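This report describes one protein chain, beginning with a single residue and then turning to the chain as a whole.

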Amino acid sequence: MSASTDPSVTELVAVAEEVARAAGRLVHDGRPETVGVAATKSSAVDVVTAMDLASEELVRRELARLRPHDAVLGEEGGSTGGTSGVTWVVDPIDGTVNYLYGLPAYAVSVAAVVGEPDPAAWTVLAGCVHAPASGETWTAARGHGAWLDGRPLRVAAAPPLDRCLVGTGFGYVAERRRAQARVLASLLPQVRDVRRIGAAAIDLCQVATGRLDLYYERGLQPWDLAAASLVVQEAGGVVRGLRGRPAGGAMTVAGAAERVAELGVLLEELDADAPDAPSGADLEAG
Ligand code: IPD
Ligand code: CA
């Protein structure tokens, strides 16, 4: 399939938006006064709510109805195979901690990719990031553009680095956070300011919208990145890793090309993609 010319890219973005909006309605309208933690994952603060699970179930059900031959990779439910070559990469709630606390920065992220569903190997064809609390919806179709609520997006030329507003995020495990705090301490005096919004897909879409100049984060998962990376790229921005590598778990840097290159050099000098130091518990065990 030709990624940029296949007419189904337009159909895929319509499916992504329909499904993300349906899940967004469920999550937003069905949010109880007090949200409970249903389970924890990598650490005690890496939580799953009943709504993460319900949202992913809805997305899977709708995708099975609309695109029965496609595979799905979802944050909560893992991989389900398909035969069409298209995989839907889904974050049923990006920004779960915000959702837990009643903060509005959370989103449903749905993307269609071909190739391995891994940021180093995939081609993202279409994506939607829908933030139901603000009502904002970002869409992108490969080769066709990126939009916020139907308005075309272009990444603005960024100011010099010391006047850039930079978004970032942190992992859920203490050792990762220690390393991320070290990098942040060096970076913060060199930029206008830093924002930690709490939802990676929204951070990336804010770069495409000109509300952040740059974004970087270590530890992103495919579902954090899939839809929103296409939004940035189709808006004319760059999304990449360090040391010539593609964006992914080791590092993701996004923004206007020139500033991404500059921030990339700083992050490389700071070894922001270095493996985490082993924790005290690991040292004792090993
Ligand atoms: C998290 C958010 C957060 C980012 C973390 C992600 P989740 O996703 O996007 O902003 O810093 O790296 O894991 O857990 O809310 O889906
Ligand atoms: Ca999530």
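## A residue and its chain

Glu258 belongs to helix H7, which spans residues 257–269. Helices (H or I, at least four residues) and strands (E, at least two) are DSSP runs, numbered from the N terminus. Glu258 is exposed, its relative accessible area being 60%; buried means under 20%, exposed over 50%, and partly exposed in between, with a 1.4 Å probe and protein chains only. Between the C-alpha atoms of Glu258 and Gly248 the distance is 20 Å, at a sequence separation of 10 residues.

This is a predicted model, in which local features need pLDDT of at least 70 and side-chain atom pairs count only at pLDDT 80 or more, while totals for chains, interfaces and linings use all residues. Residues are numbered from 1 along each chain as its sequence is written, and side-chain values use heavy atoms, with hydrogens and water left out.

The chain contains 8 helices and 15 strands. Its C-alpha atoms fill a box of roughly 50 × 45 × 35 Å along the principal axes. The radius of gyration (over C-alpha atoms) is compared with a globule rule of 2.2 Å times the number of residues to the power 0.38; a compact globule of 286 residues would have a value near 19 Å, and the 18 Å of the chain agrees with this.

| Property of the chain | Value |
|---|---|
| Buried residues, of the 286 residues | 52% |
| Contacts between residues 24 or more positions apart, of those with a separation of 6 or more | 62% |

Terms used:
Chains are lettered from A and ligands numbered from 1 in the order in which they are written. Contact means heavy atoms within 4.5 Å.
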